Every structure is written in structure tokens, then in C-alpha cells.
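Hi,

Here is the structure I promised to pass on to you. Please open it next to this email and follow along as you read.

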Amino acid sequence: MTMQTKRFSPRDYLEENPQVRKLLRITVVIALIIIGGLLVLAAIDVYTWNGFVVRASKSLVNGLALSMLLFLMVSGFFLIFGLCDVINFAHGAFFMLGGFMGFVIYLGTEAVFLDPALPFYLIFGANQFALSVTAFIVSALGAAAVLALIGGGIEFFTIRRLYGNPIAQILLTVGFMFVITQIVEIIWGPSQFSYFIISNSQITYFFISGLLDFGGGLQFAVYRIFLIFLGLAVAGLMFIGFRKTRIGLLVQAGIEDSEMVEALGTDIRKLFTIVFMLGAGLAGLSGAVLVPWIGANSGHGLTYLIFAFVIVVVGGAHYGRLEGTFFGALIVGLSIQFTSYFIPFLENIIVFIIMAIILIVRPGGLTGHE
Amino acid sequence: MNNERNIVRRLKVIILRIPSMLSNNRAVIAVLAFLYLLPLGTAASTSPVRALLFLITQIMVFSLLAMSFDLQLGRASLLNFGHVALFGVGAYFMAFTLDADFLPPPFNLIAAIPFPLTLVVAMMIGGGLGLIMGLTTSRMRGTAFAFIGLAIAMFIYNFFAENPGLSGGETGLRVPTPDIIRTAPFYLLFVTLAFVFLAAFIGMVVLYIKKRTEPIGLILVTPVMVAFTGVLLIFGTNVFGPVLVFIAFLGMIFLFWIERSKSISDPLQYSENRTFTGEVKPTNKLTTYVLPFIIIIIVLIGVVVSFGSNIAQMVTLWIEDSSTFYFTIPVQFYLVLTCLVITYVFIKRLIASPFGRMVTAVAQNEERAEALGYNSYRAKIVVLVISGAIAGLAGALYAPFIRIIDPHTTLGVEITINAMLYTIIGGIGTLLGPILGTGVVVYSELNLVDFIREGLGLPGQLWLVGLGVMYIFIVLFMPLGIVGSIGRRAGSIKDRLRQLKLGQFEFGIKDTDYWVFGLLGTIGLFLLLLIVSL
């Protein structure tokens, strides 16, 4: 090889000329603001000012609720991927199973509380609100616990054998996804059937139902507002846990450089199992929390698995941080809801468009390295 | 003048190479001859063979898909979750080319492309999508490639599902059968091909029996010829055909006897009886040319006699009503089988080529391969393009075969997972594995599910759960799948077979004899399936 002719590459050129880069960035931001403004104006023109406000606020509330839910689920996926480097294809199935577990545990708890022969009847027999709240908490925690056990068992007995062989691990998780989906379909039927708590409960009552009405079509389901706060609370707890507790710090360090953590004397295998339990538990929790909103459905596994992929790619797949996942979930959740209210035919495609844009502009995602 | 002589010399070289080519691919030729003969058993009436053909065609289409998936996963270590997109795009393209009224005017021009050419165009489209997927491999390293593929596949799925006008929506899109499939000349072309394979098969058997002059040669050829006669008896229409084949078989025994009397069974005996003169043994015209050709011609006549009325009925059926199910199924079978054979040979050659070695090197250790000067990125892209073309071909064959396609059955992620099941259960990185795995899974899915539901009164999906558990076990404990695990023990099995004894008699089975087991196994399997389906 003698002289190699240097080809013109826009990326190299931008790196050599920071001023041009700065200028370009400002132009892009201004262009985006202008495009956004034009879109808003067009929307106001089509739906009138009042309709625009109603739609925008509805999609904002729904989008925030969906984002929080997605964040709860995807953080588990992200932790497993970041620390163990396992793409857990069974995560969507965990989520879906968590929904069914929450549904079953809720009804079971309710039946126990309403059984006159048991002492619980004295406390909850008359107070439907307390009954419903307790049953809901029990169902969410129970689903999380069951899924954590399942996830930990899967890691301990199978995936552990295959570290160092990432493709075999993926194939294995696909197998679990297949098996879980088939079993759920045997028990609860195919994805045409959705299961809701209110229509199946004995007292046909759920503690948060109904609408918050501000008049003029501004109606919000209370449960979704509740979900936003619940998600924020759990997310805050997680962030604090990662900053303050020893395990959280270890997990964070392991995502950055697992070999170094191992060399410093941590039993990384135990950490892997714990993270797997945590991830599966979060999937179960989010699945159970979703039930009062969208219901438990055997088709959810695949749908939400794809959201998880997109969010992780947007947030930063390799060496990314949990904050990236949080913002990724916000972007995906909000954009899904906004498109479903304003540009319905893009609803199912928008996440892939976002993913493509992120991959072209920042292949490492929001926080990850390239 | 010189040029003409050159051509003649080249032809001569090709003809002289035929015997060695036949001897090198015994098992493949034997199985192919049987598979090509099978559709001749169907005619204008209902027949159990036709249901079997339908099933096998379906298995072969999905085998193509599984083989293309294995090309990525087993050879290049690329786990592509969007594999179904390649398949579905081929299927939808084929559907659009077959119905001119479907797409709006500027686009319906693709319907002007004649049918066999559309297969090529569908392959090009699949390859193009594979190229797009390949370009993304640089964006995401390693396992994360699975993300992108899935995202692309889901994008295409959603695009088609959201546009029922384009995809037929929930009810599906009716795909007409291509015109050329409904013509008798197309059918007769394949029948000719069947007879070519048959002649190759008999020639191979003759060559084998001439070479294998130990008693084992005759012992092994006997069941083959008995099975062959039996197949003609079962599928054929009269007794004269099998009788002619039996006569040819007697001729073979005669040939064996002549060769054996000339051969040297014991080198010591040879040196005692005769003196070595150093002369080249003159070729015996009787055993080299006359007898073998007589045998081949007798067998061909026998097969023509057995199946002649069936072929004639098929041609009459074409004249009367070519659109019936009866007519199209054997032709579809032939078409798919031919595509499968070409793909199989192509992949086999590709893996053995320098490029295939390079792909393996890249898959095993990308950094090392790059340090050696290979372009791993380009290797991955080329593999994805080839694999995409094969998957597109599978889709293009699937659409007119299954007649109704909808986004769920041609673009759903379940198809990728199925391809994964086929490949893993059969064995990754093996050529036969995906085909065998597809056969096992598709057949059992179609039959055992109903059996469990109706026979045992349990939910039929229990079998799918069982399949999933089997898949998990194979991933954990048998990473090479069924075929790979058997292949790993092939050495010890061969040793045991070589030492196989019956009393004083030693069989001494060698590598050259395994085609017999392959052929007998295939025939036995098909007869079993036929009996079960009755």
C-alpha cells in the first residue's frame, strides 16, 4: 500500500472545524423549533384551539403515564443488558406474566378478604376502599416477587451456564419467551382476550376509577395521573438506591467495567443473579400496575419488548446510564401518545422512526459511548 | 475448426467426469431421484400422496427460510431477529406481481414481469433488504444487531398491518397461482428432470456395484432395489413397470457376478495364480458400456410404464381445467424442490469456498480476522445479502403456494422465532440440520397439536410448550442440535459399523455405503408418513 487517497467524510470535517459544528447545531435547533411550531400551528388549524388543548393535555397525561410504566419495565431490561450483557428477550414475557400474576393475585386477595370465615372480613368486609388498596399493593408486590423468583431461577439454573456465549444466551431467553407465552395462552387464551380487574372482581370496584373532569372535554382518567406519581416515586427510589446503597453502586460499577469489579473482589455471579431478580421483579411490578389501565393480555409480551429495545437504544445501549433509559422512556412514551392523538397512522411506526434517527445521529444513544 | 475441436474436447472431459461426479454424491442423488419420482404417483383423482406432497412442499419452503437463517446464525454468528422481513417482503412482492389489479396504476407495472423471473426479482428485493440490515451492523456491535433487525421487521409489519388496502388486512390477500405453473409443458419439464435424476441414480447404482465387488455390495443393493420396486408397486399404476425393474435388477446381479469373477479378492492368491505382466487391463465393452446402458434403459422404460398413465392424466387435466388443486400441487412441489436443491448446492459450495472460510474466521474472532487483513464488515454484509435473497425466494415461493397471505403469517415475529426453532433443533452450522429441524417441527405442529386436542382432550398448545422446552434443552446441552450431535459421534458410529459382524461374516461397511442407509431411511420415512396420513 502506498498513498491512500483521503476521502471526504462529513464527520471528520465537522470534528476538524468546531465552529462549523456549532453553527450547524444552532441551525438544527432553530429548524427543529420552527418545524415544531409549524406542526403546532397546523394542529391548531385542524382541530381548533380548544380541541388542540384537549388533545395535547390528554396526550401529555397519557404519555407521561406510559413513560413511567415503560421506564419501570425497561430499567429492568437495561440493568440485565448493561451488567450481564444478556439481551433478555424474555423480558416482555416477564412483563406480560407480571400482568396476569397481578390480576390473579388481586382477585385472590379480594376473595380471601371477602371470605366471611376468615378474620380479614372484619377489617375489609365493609370498607371497599381499604380492601381495594390493600389488594392492589399485595398484587403489585406479589407479582414482583413471583417474577423475581422466576427470573432468578432462570438465571441461576440456565443462563449462568452460558456466560461468554452471548448468542446462546439470547437463543435461550427466546426459548423462555416462547414457553411462557405458550403457557399463558393455554391458560388465559390468545391475545384477543384482555382481562380487567373491575369487570372480573366480585364487588366490581377498584379504588381508583373514574375521571377527573375540568370541563370542556378536559377529562383525565385518575388512574393514569396516579401512575405518573407512582412511577416517579419508584424511579426516585431507584435512583437513590443506585447512588446510596452498596449493591446499587456495585451494579453501576459493573455496568461500566465488570471485569474490574470482579478483580476488586466482588462475587460478580451473585451480583448477576441479584440483578436478574431485580430486573424480572421490575417487569412483574410494571406488568401488574398496568392491568387496571390496559388489562392483562397475552399479546403484550412482544409489543412491550420492542418498546424496551427502542428505549434502550435511545437511552444508550453500551455503557449507558439509567438516566438515559429514563429520558428514552419519556421520549418514546410521549411520542407514542402524541402521535396517537395527532397523527394516528404513525402511532405504531413512530418508535422505529425515533430509533432510526437516534442511530443515525448518535449511534451510542443519549448517554452511551459509540 | 480449432474452436470446434476445443468444444468437442471439453464435452468429452465433461462426459468423462460424470461417473466420478455420480460416485461422489451418492446419497444426494439417491434421495433426489426418490423425491422427484414421488409426485408422479399423483394423477387426476384424489390420492393420499397429494396431501403428503402439500405437507412436504410447506416443509421445503420453511427449510429454505431456515437455511437462510442458519447461513447468518451458524456461519456468520449474526443473530438477525428481523429475518421474517426478508421472507415477508418476498411473499408480498410475489403477491403483487401476480395480480395486476392490486396495486395502483404506476406500480402495477411489476405485474408485467413473467413468473419465473419474478422469483429472481424477489430474491433481489430480499437481498436489498438484507443489504440495508447489513449496513446497520456497523452501527451496533455484536449482539445488539438483533435489536435493529427486529425494529426493521416490526416497522415493515406495522406498515403492512396499518394499510389493509395494501396487505389485505386481517382477512388476508388472495394470491392467484402463476399462469406458468398451470401449464403442462412446465410440468413435463420437471418430469424430464425427474427422469434425468432417475437415470443418474441407476447409473450411480451400476457404478457402485461394479466397484464394490465384495459380497456386501450385493447385500446392500438388494434392499435398495426391493424398496425401489416396492415404491413403483405402491405409487405406480400397473405391475409391468416393477417387473421390468426387477429384470434390470437381475441384470445388475449378472454384472456384479462378472465383475466379481474378474476382481482380486485376495492379493496373495493373485500372485500365486497369475503372473504380473504390467500391461494395462483392456476395458471390457460388455461391462463398461453395454450392460449398464441396457440396465438404465430397462429401468427408465419400467418407470415410464408405471407412471405413464399418471403423466397422461395430468396432461389431460391441464387441457380440461388447469386451475384445479390436483394439477398445481405436484408442480408447486417440483418448483420448490428444484429451488431447494439449487440453494442447497449453492450454500454447500459457498461454505467450502475461500469466502466461506473467511466468514467462519470473522464469526469466530472478528479482531483476529481483521488483523489478518479481511474486511469483516464486508463479509457480514455479503452474507446478509445472500441470506436475504434466499429468504426472499422462500417468501416468493410461499405466497402462491399458500394462496392467502396476511401480515401476521408472513411478517409476524413468530416466523422468525419459528425459523430459530427449526435451526436450533436441527442443528446450527449444518446443512441438513435446518431441513431436518423444519421437517420435525412443522410436521409435529400440524399433526400433533390436533392429535393432543382431539385424541387426548388436552390443549393442543401443550405440544408447543414441549417444543419450547426441547429447544431450551438443546441450547443448553446440545449446542449443535440433532444433526450436529450425531455428526459429532459419526466417527464412533462408523467404527462400530465397520466392525459389525454376523456370526463369522464380516460386513465391513465403509464410507462408500452410507447412501444406502440414507435412501432407505428416506423411503421408510415417507412410507410411514403416508401410512399415518391415511
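This is a predicted model: local features need pLDDT of at least 70, side-chain atom pairs count only at pLDDT 80 or more; totals for chains, interfaces and linings use all residues.

Residues are numbered from 1 along each chain as its sequence is written, and chains are lettered from A and ligands numbered from 1 in the order in which they are written.

**The two chains**

Chain A has 14 helices and four strands. Helices (H or I, at least four residues) and strands (E, at least two) are DSSP runs, numbered from the N terminus. For its 370 residues the globule rule gives 21 Å, and the radius of gyration of chain A is 23 Å, close to that value, so chain A is as compact as a globular protein of that length. (The radius of gyration is taken over C-alpha atoms, and the globule rule is 2.2 Å times the number of residues to the power 0.38.) The C-alpha trace of chain A spans about 90 × 60 × 40 Å along its principal axes.

How much of chain A is buried? Of its 370 residues, 43% count as such. A residue is buried if 20 or more other C-beta atoms lie within 10 Å of its own, exposed if 12 or fewer, and partly exposed in between, with C-beta atoms placed from the backbone. Taking the contacts in chain A between residues at least 6 apart in sequence, 77% join residues at least 24 apart. Here two residues are in contact if their C-beta atoms, placed from the backbone, lie within 7 Å.

In chain B you will find 23 helices and four strands. A compact globule of 534 residues would have a radius of gyration near 24 Å, and the 26 Å of chain B agrees with this. Along the principal axes, the C-alpha atoms of chain B fill a box of roughly 85 × 70 × 65 Å. Of the 534 residues of chain B, 42% count as buried. Among its contacts between residues at least 6 apart in sequence, 80% join residues at least 24 apart.

**Where the chains meet**

Which parts of chain B touch chain A? In total, 31 residues of chain B are in contact with 31 residues of chain A. On the chain B side, the elements that give two or more residues are α6 (145-162), α18 and α20 (462-477). That side has 23 nonpolar, six polar and two charged residues. In this count, Ala, Val, Leu, Ile, Met, Phe, Trp, Tyr, Cys and Pro are nonpolar, Asp, Glu, Lys and Arg are charged, and the others, Gly among them, are polar.

Two packed helices are described by the angle between their axes and the distance between the axes. Axes are lines fitted to C-alpha atoms, for helices over the stretch in contact, and angles run from 0 to 180 degrees between N-to-C directions.

Helix α3 (residues 48-76) of chain B packs against helix α18 (residues 413-426) of chain B at an angle of about 75°, with their axes 9 Å apart. α3(B) and α18(B) are therefore roughly perpendicular to each other (angles under 35 degrees count as roughly parallel, over 145 as roughly antiparallel, 65 to 115 as roughly perpendicular and the rest as oblique). Among the residues in this contact are F62(B), L65(B) and F69(B) of α3(B), and M420(B) and Y422(B) of α18(B). By class, the contact has eight nonpolar, one polar and one charged residues.

α3(B) also meets helix α23 (residues 514-533) of chain B: their axes come within 10 Å and cross at roughly 115°. P48(B), A51(B) and L52(B) of α3(B) make this contact with L529(B), L530(B) and S533(B) of α23(B). Five nonpolar, one polar and no charged residues take part in the contact of α3(B) with α23(B).

**Two loop residues in chain B**

S77(B) lies in the loop between α3 and α4 (83-98) of chain B. Its phi is near 55°, a positive value in a residue other than glycine. Is S77(B) buried or exposed? S77(B) is buried, with 22 other C-beta atoms within 10 Å.

R403(B) lies in the loop between α16 (376-402) and β2 (404-405) of chain B. Phi of R403(B) is near 75°, again a positive value in a residue other than glycine. With 15 C-beta neighbours inside 10 Å, R403(B) counts as partly exposed.

Happy exploring!
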